[in-house]
Amino acid sequence: MGCSGPKSVIPVRNDLTFLDLTVQQIEHLNKKYDANVPLVLMNSFNTDDDTMKIIRKYSGFNVSIKTFNQSRYPRINKESLMPIPKSCRTDDDIEAWYPPGHGDFYQAFSNSGLLEEFVDQGKKYCFISNIDNLGATVDLNILNMCLDQSREFVMEVTDKTRADVKGGTLIQYEGKLRLLEGAQVPKEHEEDFKSVKKFNVFNTNNLW
């Protein structure tokens, strides 16, 4: 998004940020159902320090906020195909490293120790969404479906519009339902991928 810091602190409504609204949503959930649903933020090495300072203001809220960092990967020189960093220390050359993004959630969450901590507490389901998706809410209807039908994984999709042409969609491949992302599509088939008729659903990146 071209942010110089965490996108979670961008004001979106009445000076409230994405993070403010998310904290309010989880606090409402905890109060209404007398629950203890934590809010877990996945940061990168670029945003972790700023995020830790920002979340201090929520200390009086009825929300337990946890954080963990996604991995870091070395950038590769396109000519030599060799890693750009000269050492393993990110601080030596921060521009030589990059965070891999959403796909790293599962490994990074496990490596952080939070997965084990939550399992030990008896927690069974995790809802994942982008912090800047204000349409992402903890839908108890979906949670109940996960429980009643013993679903191990659920992806929320919605009707695809022309504003969603870059997002992932669902395909049948080798007898299985799979997510197809734009980066996987050959250049000669990019227009097919963007078609709202050929691919009529859009991955919201809300996962259970």
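Colleague: Which residues make up the largest nonpolar core?
Modeller: This is a predicted model, in which local features need pLDDT of at least 70, side-chain atom pairs count only at pLDDT 80 or more, and totals for chains, interfaces and linings use all residues. Residues are numbered from 1 along each chain as its sequence is written, and side-chain values use heavy atoms, with hydrogens and water left out. A nonpolar core is a set of buried Ala, Val, Leu, Ile, Met, Phe, Trp, Tyr and Cys residues joined through side-chain atoms within 4.5 Å, where buried means under 20% relative accessible area, exposed over 50% and partly exposed in between (1.4 Å probe, protein chains only). The largest core has eleven members: Phe18, Leu19, Val23, Ile26, Leu39, Leu41, Ile55, Tyr58, Val63, Ile65 and Ile131.

Colleague: Which element gives the largest share of this core?
Modeller: Helices (H or I, at least four residues) and strands (E, at least two) are DSSP runs, numbered from the N terminus. Helix H1 (18-33) and strand S3 each supply at least two residues of the core. The largest share, four residues, comes from H1.

Colleague: In S4, what is the bridge partner of Leu39?
Modeller: Two strands pair if DSSP finds at least two bridges between them. Leu39 belongs to the largest nonpolar core, and its bridge partner in S4 is Ile65.

Colleague: Is Asp34 buried or exposed?
Modeller: Asp34 sits in the loop between H1 and S3. Its phi is near 50°, a positive value in a residue other than glycine. Because its relative accessibility is 73%, Asp34 counts as exposed.

Colleague: What is the volume of the second largest pocket?
Modeller: On a 1 Å grid over the protein atoms alone, a cavity is a set of points where a 1.4 Å probe fits but cannot get out, while a pocket is an open set with protein on both sides within 12 Å along at least five of seven lines; lining residues have an atom within 4 Å of a point. Grid points are joined across faces, edges and corners, and a volume is the space filled by probe spheres set on the points. For the second largest pocket, that space is about 200 Å³.

Colleague: Which strand gives the most to the lining of the second largest pocket?
Modeller: Its lining consists of Phe153, Val154, Met155, Val157, Leu170, Leu177, Arg178 and Leu179. Strand S7 (155-159) and strand S9 (176-180) each supply at least two of the lining residues. With three residues, the strand that gives the most is S9.

Colleague: How many charged residues does the lining of the second largest pocket have?
Modeller: Ala, Val, Leu, Ile, Met, Phe, Trp, Tyr, Cys and Pro count as nonpolar, Asp, Glu, Lys and Arg as charged, and the others, Gly among them, as polar. The lining has seven nonpolar residues and no polar ones, and its number of charged residues is one.

Colleague: What is the phi of Glu174?
Modeller: Strand S8 (residues 169-173) pairs with S9 in the antiparallel sense over five bridges, with Thr169 opposite Leu180. The two strands form a hairpin with two residues between them, and Glu174 is in the turn. Glu174 is exposed, with a relative accessible area of 62%. Its phi is positive, though the residue is not glycine, and lies near 55°.

Colleague: Why is strand S10 described as largely enclosed by the rest of the structure?
Modeller: S10 (residues 201-207) runs antiparallel to S7, and five bridges join them. Asp159 has Val201 as its bridge partner in S10. S10 is largely enclosed because, of its seven residues, the number buried is six.

Colleague: How far apart are the C-alpha atoms of Thr158 and Val201?
Modeller: Thr158 lies in S7, and its relative accessibility of 38% makes it partly exposed. Along the chain, Thr158 and Val201 are 43 residues apart, but their C-alpha atoms are separated by 5.5 Å.
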